[in-house]
Amino acid sequence: MKNTASLALMVLALLFSQLGFAQSSSANAIRITKNSKCDVHTQVELQKNVLSKSASEVRLIAKVNKHFNPADFASRHIVMGAKAGNIVTLRVPIQELAFVQQNSGIEQYTIAPTVHAEVNHTRFDTRTDSVHDGLGLPQGYTGKDVIIGITDWGFDYKHPNFNNNGESNRRLLQAWDQFKLKGPAPEGFDYGTVYTNRSELLKGQCDTSNIYNYATHGSHVAGICAGRGVEDNYQGQAPFANLLFATFQLNGAAWMDAVEWMKGVAKQEGKRLVINNSWGMYTLGPIDGTSLVSQAINNWSDSGIVFVVSAGNCGNDNFHIAKTFTPGTPDTLRSLAKYYNHSQENGLNIPFWGEPNKSFKFSFAMVHGTDSACFRWISTADGDNYIDSALVCGNDTLTFRITIENANIFNQRPHVLLNVDKNTKYEVHVAATADEGTMHGWNLTRLNNEAGNMGGEFTQGRSLRYTKGDNAYSIGEPACADKCIAVAAHVADGNITLGQLANFSSKGPIIDGRRKPEISAPGVNVISSLSSYTSEVYTTVYNFEYANRTYRWARMSGTSMSCPAVTGIVALILEANPQLSSQHVKDIICRTARNDENTGNLIANDSISDAWGWGKVDALAAVNEALAHVDIQQADEQWFAKSLQLYPNPATDQVTVLTGRHTPEMVTIYNINGTKVMECQVVMQATINIAQLPQGVYVVKCGARAARLVH
């Protein structure tokens with residue numbers, strides 16, 4: 001038996017060492033051409049749609065420029081949905097794909113990628129209970145006049161957790177179910193059903209069954225964000241915030257449409273918006289924040305929307321491998337890709353990404369005992385390609401597909417994606433080599449419903465020459481978007497637990513060197529509300545009877561649960577200071593993080609952890625910081641029109657502030673970053689000593705008036 005295993009490894013090593021064909025592949029019908037506007041994956045999927053005639057239209061996400069004319073697209077029955085700066089969603093009839101490709105207004109486009117889903121101790125751990133009580137604050141804050149948008153699946157529109165136990169002032173404002181076909185659709189869109197008032201929501205009851213059947217994930221997430229609780233139990237982070245629910249179709253374009261709809265409702269209501277995203281994927285595009293969805297998040301963030309995203313639940317999956325190749329030192333990265341063994345698993349997706357302008361070679365083999373078949377080495381230097389083929393090994397035919405890119409259009413990195421169908425009789429061995437540069441690979445599970453988002457494992461198998469997997473670089477999309485807040489998970493502080501990191505919590509960094517996640521919140525055994533219509537089974541910890549219906553609460557774990565804990569705190573911050581930019585909100589969340597023996601002294605050492613971010617979120621510290629902060633850009637727009645009188649200006653050691661009011665008024669001085677540096681009470685006028693302040697530009701604010709001070 002030992003000799004047989006050794007022989008198999010020798011054969012495999014020999015196969016991997018060859019640069020020619022070890023097994024011929026059949027020709028495929030997909031033709032790949034050099035295309036500066038779309039990636040190879042998009043070319044492949046669009047051609048599949050055309051060849052199969054399985055769909056009359058496709059969903060695209062596109063980057064547009066000044067030449068883009070929506071009327072030209074509308075005349076060809078191309079429907080534009082969301083618009084986030086220069087990123088738009090398009091629904092394109094198959095026969096109009098050539099028009100999109102040739103139109104000078106389209107710079108880049110990608111087929112809309114498939115997306116996948118991922119309290120009492122929480123309020124104590126995050127210090128939210130102190131914010132509700134107004135401890136050390138001018139008042140208590142509960143998220144009032146802030147809108148929390150939740151993009152998810154499994155909403156119960158009638159649940160008393162979102163509706164103040166049936167009171168007339170329902171906090172759930174609207175809901176859009178993109179799967180429900182009867183309409184009416186929201187204004188500006190032409191699919192799904194929107195519920196815009198209390199009567200419609202009560203009649204609608206819940207979102208419809210979809211790929212997740214009658215789910216409950218969204219109801220649980222919403223309860224953590226903003227649950228009102230019942231009988232003084234299980235209150236969420238922002239119990240008086242307003243809510244928007246979007247049950248979105250499983251692709252990135254549909255999610256963008258949901259965001260655009262929420263943005264419109266928030267504008268009509270005149271309220272700030274924070275959007276919770278307790279889902280993620282690794283196949284949306286490059287997992288380095290360069291995908292069009294990540295670019296859209298950055299654009300929307302600049303407009304004032306705050307995005308909070310779960311970091312992912314692959315922290316205990318050794319599904320990542322990496323190797324740095326040195327010029328002049330021949331070497332190969334080899335590993336054995338294990339199946340996840342999920343009951344619905346039908347294969348593996350194994351992407352490899354290299355460094356820009358540094359090509360690499362890739363191969364793989366299928367092995368069973370002494371039987372093995374190896375595919376030829378392919379090089380990204382040979383250009384873009386797509387291979388749909390099979391390996392014949394003994395009496396078995398093993399099907400696979402490979403996408404090859406010389407330089408991905410979004411990040412210029414060489415890229416190979418192996419998609420192999422499951423055959424548990426065989427092991428999947430992968431190999432890659434390069435002259436120089438660092439290469440990363442991931443082993444991802446593929447399910448029958450295309451909703452898998454779990455990491456498999458890379459192992460050494462029986463060869464010490466193979467690389468074992470690790471759990472680094474496990475942050476997926478859209479959490480790797482630069483301007484979102486990515487949230488890790490820990491065990492809530494309590495009488496027994498010690499607040500340690502959850503073993504499933506995904507870890508950074510991002511392959512471009514950025515550090516993620518930003519923050520951590522409780523995500524283990526969190527109690528929150530279930531949809532009373534769910535077909536899923538949970539052990540309930542609390543039941544509440546209302547209007548002849550039983551509403552239940554149960555425990556769930558995941559960064560899906562830690563994410564809404566931070567979303568609710570963002571609502572508290574925006575209630576305390578609605579003038580803050582989304583970047584200032586993110587900075588405040590990070591800068592006020594709580595450190596302890598589990599996180600280490602991150603803030604004190606000005607260091608961010610690949611597991612914790614800046615540490616554990618602290619609602620009380622964050623709200624205090626928000627109250628002491630002014631957005632300089634907003635100050636330009638709102639206050640300088642009614643200027644405050646200062647002299648001298650510029651000033652060296654002291655400045656006199658003239659309020660012109662006989663009653664005491666508070667005068668506050670902020671630095672250019674918006675942080676309060678000085679405060680005093682003034683009647684008519686006062687001279688303030690500023691000698692101790694660093695030289696620079698400051699904003700002096702008094703009520704609704706402000707002036708710029710040069711020191």
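In the predicted model, Ile569, Leu572, Ile573 and Ala576 of helix H11 are in contact with Ala619, Ala622, Val623, Ala626 and Leu627 of helix H13. This contact of H11 with H13 consists of 9 nonpolar residues, with no polar and no charged ones. Helix H13 covers residues 619-627, and its axis lies 9 Å from that of H11, at an angle of about 25°. Because angles under 35 degrees count as roughly parallel, H11 is described as roughly parallel to H13. The crossing of H11 past H13 is right-handed.

Helix H11 (residues 559-576) also packs against helix H8 (residues 217-226), where the two axes come within 7 Å and cross at roughly 40°. On the H8 side, the residues in contact are His217, His220, Val221, Ile224 and Cys225. Their partners in H11 are Ser560, Met561, Pro564, Ala565, Thr567 and Gly568. By class, the contact of H8 with H11 comprises 6 nonpolar and 5 polar residues, and no charged residue takes part.

Helix H9 contributes Gly252, Trp255, Met256, Val259, Glu260 and Lys263 to the contact, and H10 contributes Val293, Ala296, Ile297 and Trp300. These residues of the contact of H9 with H10 divide into 7 nonpolar, 1 polar and 2 charged.

The largest cavity in the model has a volume of about 50 Å³. Its lining includes Arg59 and Asp257, together with Val79, Met80 and Gly81. Also in the lining are Thr89, Leu90 and Arg91, as well as Gly188, Phe189, Asp190 and Tyr191. Strands S2 (79-84) and S3 (87-93) each provide at least two of the lining residues. Classified by side chain, the lining of the largest cavity holds 5 nonpolar, 3 polar and 4 charged residues.

Several loops carry local backbone features. The peptide bond between Gly508 and Pro509 is cis, with omega about 0°. Pro509 is located in the loop that runs between strand S24 (485-490) and strand S25 (519-522). A cis peptide bond also links Asn649 to Pro650, with omega near 15°. Pro650 is placed in the loop between strand S29 (645-647) and strand S30 (654-658). Asp145, a residue other than glycine, has a positive phi, near 70°. This aspartate, Asp145, belongs to the loop between helix H6 (128-133) and strand S5 (146-152).

Another loop residue, Asn423, is situated between strand S19 (415-421) and strand S20 (427-433). Leaving aside residues up to four places away in sequence, Asn423 touches Tyr339 and Leu398. The C-alpha atom of Asn423 is separated by 7.9 Å from that of Gly347, a residue 76 positions away along the chain.

Methods: Residues are numbered from 1 along each chain as its sequence is written. This is a predicted model: local features need pLDDT of at least 70, side-chain atom pairs count only at pLDDT 80 or more; totals for chains, interfaces and linings use all residues. Side-chain values use heavy atoms; hydrogens and water are left out. On a 1 Å grid over the protein atoms alone, a cavity is a set of points where a 1.4 Å probe fits but cannot get out, and a pocket is an open set with protein on both sides within 12 Å along at least five of seven lines; lining residues have an atom within 4 Å of a point. Grid points are joined across faces, edges and corners, and a volume is the space filled by probe spheres set on the points. Helices (H or I, at least four residues) and strands (E, at least two) are DSSP runs, numbered from the N terminus. Ala, Val, Leu, Ile, Met, Phe, Trp, Tyr, Cys and Pro count as nonpolar, Asp, Glu, Lys and Arg as charged, and the others, Gly among them, as polar. Axes are lines fitted to C-alpha atoms, for helices over the stretch in contact, and angles run from 0 to 180 degrees between N-to-C directions. Contact means heavy atoms within 4.5 Å. Angles under 35 degrees count as roughly parallel, over 145 as roughly antiparallel, 65 to 115 as roughly perpendicular and the rest as oblique. A crossing is left-handed if the near helix is turned anticlockwise from the far one by less than a right angle, and right-handed if clockwise.
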